[in-house]
Amino acid sequence: MPVAHTLEGPLSVDVLGRQDPELAEILLAELARQTTTLQLIAAENFTSPAVLAALGSPLANKYAEGYPGARHHGGCELVDVAERVAVDRAKALFGAEHANVQSHSGSSAVLAAYAALLRPGDTVLAMGLPHGGHLTHGSPANFSGRWFDFVGYGVDPESGLIDHDQVRALARSHRPKAIVCGSISYPRHIDYAAFREVADEVGAYLVADAAHPIGLVAGGAAPSPVPYADVVCATTHKVLRGPRGGMLLCGSELAERVDRAVFPFTQGGAQMHTVAAKAVAFGEAATPAFTAYAHQVVANARALARSLAAEGLLVTTGGTDTHLLTVDPAPLGVDARTARGRLAAAGMVLDTCALPHPDVRGLRLGTAAVTTQGMGETEAARIGALFATAVRDESAGRRVREEVRNLTGRFPPYPGQ
Ligand SMILES: *Cc1c(COP(=O)(O)O)cnc(C)c1O
């Protein structure tokens, strides 16, 4: 079976297939879906076989509440070593004084950052959701909007860039306890120094939600929030290419508060298989190969942006500094929802997203996954052309689907599969 190549021995899908063919079939069909369509969701990637091996390991059996050397359960000697390795690698990779690698997800990391710094009812300034803020940045449907008083800043409707004058004016009038910088769809580098300056002026904490760019930071392809933010929240599964999960980085003075905010305040036992997989991913991210990968991700996103602009789409901010870009398909005569449907039929998987004019939805694309597959700027430009063809003409979907199948066939994410 295809996955057996990446998960050998007793932990392979072969074992699952013999015991539970129903589930094995779903796993294999999902692998086929991932490898025969184009994964352009900006938050997704292909983890390495080594990361998958750690995730499918017996560490999943271990209960480990607490931190290395101070657990509530016996038998933690070895998982303690694994967590120390993960923490040490994260600190070295990001030049941080302290790292917490237990957060179950990016949202859990943000929850812990707020728990470490804020009290219910405190005012927080963050990017508004209609402009690209995450659910955890004050959505009324999320704990953040229920427990804190969020004020939203936006982007300039013309340039699509963060309006730092507006950020400063809102900070001065609302005196927030914390300012959050970070977004799910902002294609440019965040000016952390500018946010730090405003935070200092009003005496606010600066929380960087670097869920998206942290992998580029690891590879030296984006500026680091670590020297500027009081707390950095991140995911480990986006560009960083590790297991699904979160982490926090901070200075030593906040280390204890951040750790207590994760456990016992917002989480129970750490998921040690995921912690070990994070360690593997941090190890991979510290290699020259990953640095080259991160830079190629950005080069590919730029090539894709150029190609989409040449096809007539409106590219927010005119391009990108990162792995992601957002576009308005209106000039091609369709709205974002229709476009996403046509693209899905053509084998191109992506999301709709906010645009600088919040009443108009756009499409968000990312190049982290296709770059892991080994695609370069030539393929990225080709993807832009296929994208435009599929969006413009519904009847071209079948032809584009065939070309997507050929393209993905040449770049298997798990070689030998
Ligand atoms: C992805 C993301 C998160 C949340 O990550 P989950 O693992 O899905 O909880 C939080 N903030 C931002 C800015 C993100 O992009």
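Domain 1 and domain 2 bury about 2200 Å² between them, with carbon and sulfur atoms giving 61% of that area. Buried area here is the accessible area (1.4 Å probe) that two parts lose on being put together, summed over both. The model is predicted: local features need pLDDT of at least 70, side-chain atom pairs count only at pLDDT 80 or more, and totals for chains, interfaces and linings use all residues. Residues are numbered from 1 along each chain as its sequence is written, and side-chain values use heavy atoms, with hydrogens and water left out.

**Domains**
- Domain 1 spans 58–285 and domain 2 spans 288–410; the bounds come from an automatic or database domain assignment.
- The domain centres, taken over C-alpha atoms, are 28 Å apart.
- Domain 1 gives 30 residues to the contact and domain 2 gives 27 residues, where contact means heavy atoms within 4.5 Å.
- Pro187, Arg188 and Arg241 supply 28% of the area that domain 1 buries against domain 2, more than any other three residues.

**Helix H13 against helix H15**
- Helices (H or I, at least four residues) and strands (E, at least two) are DSSP runs, numbered from the N terminus.
- H13 (residues 336–345) packs on H15 (residues 377–392) at about 115 degrees, with the axes 8 Å apart.
- Axes are lines fitted to C-alpha atoms, for helices over the stretch in contact, and angles run from 0 to 180 degrees between N-to-C directions.
- That angle makes H13 roughly perpendicular to H15 (under 35 degrees is roughly parallel, over 145 roughly antiparallel, 65 to 115 roughly perpendicular, the rest oblique).
- Ala339, Arg342 and Leu343 of H13 meet Phe387, Ala390, Val391 and Arg392 of H15.
- By class, this contact of H13 with H15 has five nonpolar, no polar and two charged residues. Ala, Val, Leu, Ile, Met, Phe, Trp, Tyr, Cys and Pro count as nonpolar, Asp, Glu, Lys and Arg as charged, and the others, Gly among them, as polar.

**Helix H7 against helix H8**
- The axes of H7 and H8 (residues 192–202) come within 10 Å and cross at roughly 15 degrees.
- H7 and H8 are therefore roughly parallel to each other.
- By class, the contact of H7 with H8 has six nonpolar, one polar and four charged residues.

**Backbone exceptions**
- Most residues other than glycine have a negative phi, and most peptide bonds are trans.
- Arginine 175, not a glycine, has a positive phi of about 45 degrees. Arginine 175 sits in the loop between H7 (164–174) and strand S7 (178–181).
- Phenylalanine 263 and proline 264 are joined by a cis peptide bond, with omega about 10 degrees. Proline 264 is in helix H10 (residues 252–266).
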